[in-house]
Amino acid sequence: MNTEDFRPEKEVKVFYPPQRVLMGPGPSDTHPRVLNAMARPTLGHLDPVFTEMMEEIKGLMRYAFQTKNRMTFPVSGPGSVGMEMCFVNMIEPGDKVIVCSNGVFGGRMIENVERHGGVAVAVHDKWGEPVDPQKVEDALKKNPDTKIIAFVHAETSTGASSDAKTLCELAHKHNCMTIVDTVTSLGGTPIKVDEWGIDAIYSGSQKCLSCPPGLSPVSFSDRVTELVKNRKTKVHSWFMDIGLLLNYWGSAARTYHHTAPTNALYALHESLLMLAEEGLEHSWARHRNNYEALKDGFATLGMNYVVAEQYRLPQLNSVFVPAGVDEKEVRRRLLAEYSLEIGAGLGDFAGKVWRFGLMGTSSRIDKVIFCLTALEAVLSDMGMKVERGAAASAAHKSYAANPML
């Protein structure tokens, strides 16, 4: 056959994505410095200059995670790969794992335990509520042979934050190890790996780090490294075996493991550098202040939060859709008329809530004011009684009362 017979039927031209304002559950807006970093000349993944940069990434990640762990590096893949790397390395067939499930991503942890031959003991909490430490302790007492406790620090499907410090203390008390999901929290709210005694932790590049999707920062304690070295069975994934990755990310004389995404790692290096320049405390405060302003603006629109205030993530705001409002049409109009993306509800919350992200570069005063003004205009046009300008005014008052550090 002629090669032309296989051309696409539709003419394909150069793809130019529209400029969006990303204020959903992720990804967040990518900072121009990060986009610029991705456009730099590609190097070989074993080039000595590139390996020097790899060491810098590890150091910057240790700062972000607040750890001295030697095995701290970015996995080539999204946060889901980081999640699976933790479970596939630490679980052997028959191992018992207590999994805390209070949203979509706790459910994915259960899937991982079962797919890797472990026995999942699920501790369920209502969506929108944090993990209940008492339920976890009760489960530990009933299951004294538990090897690992796994939980989501920042549940992206609801915007609820759980008490990682207390849950890790419970694990230590019962001689268990921990796996912690911080995909939405890294850079936006406090994470202290060493102080809290977290054994395995994973995150994503596309949330509060303002980097494109595709990399998953992870960190493993020495206890995990020893656990993997002493496994009775081989890790069921060649690519995610941290024993093999030690020779690439952990060795001074690196040996080939896989072709690392060099330009994506330039981007992560830049985003982590920006976080270090800003300072963790300032980043946490910035996310908190922008949340306070957004919250005050929502109040003028009669919008109620899913999560009780003391458990809310500042960077992920889930609110109930006002009665009588077509939630899909609001999201469609925000995207079509304002190029503003917000998130829909997942699972039990589908059609009932909106999720507003204030993550990384998307967590700025101008983005908060723009979001509130656009939302107010769309709701007003669709017949909801609102006081035009009140939402932005409330946000400005919040900023005046809570100046940035």
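**The core and its surroundings**

Mentor: Start with the largest nonpolar core, which holds 81 residues. Those with the most contacts inside it are Phe73, Met85, Val136, Ile149, Ile179, Phe220 and Leu265. By "nonpolar core" I mean a set of buried Ala, Val, Leu, Ile, Met, Phe, Trp, Tyr and Cys residues joined through side-chain atoms within 4.5 Å. Helix α2 (residues 48–65) gives the most to this core, eight residues in total. There is also a second, separate core of 33 residues, including Phe298, Leu301, Met303 and Val325.

Before going further, keep in mind that this is a predicted model, where local features need pLDDT of at least 70 and side-chain atom pairs count only at pLDDT 80 or more, while totals for chains, interfaces and linings use all residues. Numbering runs from 1 along each chain as its sequence is written, and side-chain values use heavy atoms, with hydrogens and water left out.

Now zoom in on phenylalanine 220. Beyond residues up to four places away in sequence, it touches Asn69, Met71, Phe73, Met85, Cys86, Asp199, Ala200 and Ile242 (contact here means heavy atoms within 4.5 Å). Two of those, Phe73 and Met85, are also on the list of residues with the most contacts in the core.

Aspartate 199 is a handy bridge to the next topic. It forms a salt bridge with arginine 223, with the closest N and O atoms 2.9 Å apart (that is, a side-chain nitrogen of Lys or Arg within 4 Å of a carboxyl oxygen of Asp or Glu). Arginine 223 sits in helix α8 (residues 222–229) and aspartate 199 in the loop between α7 (193–196) and β9, so the pair ties together parts 24 residues apart in sequence. Helices (H or I, at least four residues) and strands (E, at least two) are DSSP runs, numbered from the N terminus. Aspartate 199 is buried, because its relative accessible area is 3%, while arginine 223 is partly exposed at 41%. The cut-offs: buried is under 20% relative accessible area, exposed is over 50%, and partly exposed is in between (1.4 Å probe, protein chains only).

Lysine 229 pairs with glutamate 226, the closest N and O atoms being 3.9 Å apart, and the two lie three residues apart, about one turn of the helix. Lysine 229 counts as exposed because its relative accessible area is 55%. Overall, the count comes to 22 salt bridges.

Lysine 207 is buried, since its relative accessible area is 7%. A polar atom of its side chain lies 2.4 Å from the backbone oxygen of proline 25. Leaving aside neighbours within four places in sequence, lysine 207 is in contact with Pro25, Gly26, Ser28, Thr156, Val183, Thr184, Met359 and Gly360.

How values were computed: A polar contact is a pair of N or O atoms within 3.5 Å; within protein, one must be able to donate a hydrogen and the other to accept it, and residues adjacent in sequence count only if both atoms are side-chain atoms.
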